[in-house]
Amino acid sequence: MGVSTFTHEYSSPIAPSRIFKALIIDSRNLLPKLLPQFIKEIILIQGDGEAGSIEQINFNEASPFKYLKQKIEVLDKDNLVCKYTLIEGDPLGDKFESITYDVKFEATGDGGCLCKMRSIYNTIGDFDVKEEEVEEGRESNIAIYRVVESYLLENPHLYA
């Protein structure tokens, strides 16, 4: 098994606690509402939503994927940190055993935040992951962040 790690930072005008609550804590409710053309539902299939829980994301026909399962490894609400691992589903294909995401939201001086994300790709065999090959997934994540960010800008009273 090979391991490839990539990092990415994303800045937002939204306070870190608000975007963490919306994007991480309430994702099962919010993402299907904001992205119904792609996400059909997010179901908690094991646990209580805290660390150790497993979620299944079912996608709509417009998505190239049918479903994925992810395990919440760490959910630190005080430090605004989440770590989750894709453990099953179409995005893994035949090249990846799992993909782990470490996400941390940090305050910036302008009232917004910096989202720091580290992606760890555990491959099947000796497959070597190139950065351009993970770009589509990264762009998809950023697009989701932008949708949530826009929703929070339009609704400043939510997740305060």
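Colleague: In what order do the elements of the protein chain run from the N terminus on?

Modeller: This is a predicted model, where local features need pLDDT of at least 70, side-chain atom pairs count only at pLDDT 80 or more, and totals for chains, interfaces and linings use all residues. Residues are numbered from 1 along each chain as its sequence is written, and side-chain values use heavy atoms, with hydrogens and water left out. Helices (H or I, at least four residues) and strands (E, at least two) are DSSP runs numbered from the N terminus, and the chain has three helices and seven strands. Their order is β-α-α-β-β-β-β-β-β-α.

Colleague: Thanks! What percentage of the 160 residues is buried?

Modeller: Buried means under 20% relative accessible area, with a 1.4 Å probe and protein chains only. In the protein chain, the buried share of the 160 residues is 46%.

Colleague: Which residues does Y121 contact, leaving aside its neighbours within four places in sequence?

Modeller: Contact means heavy atoms within 4.5 Å. Y121 is one of the core residues that touch the most other members. With those neighbours left aside, its partners are G2, V3, S4, F6, F96, S98, I99, Y101, V129 and V134.

Key. Buried < 20%, exposed > 50% of the residue type's maximum accessible area, 1.4 Å probe, protein only. Core = buried A, V, L, I, M, F, W, Y, C linked by side-chain atoms within 4.5 Å.
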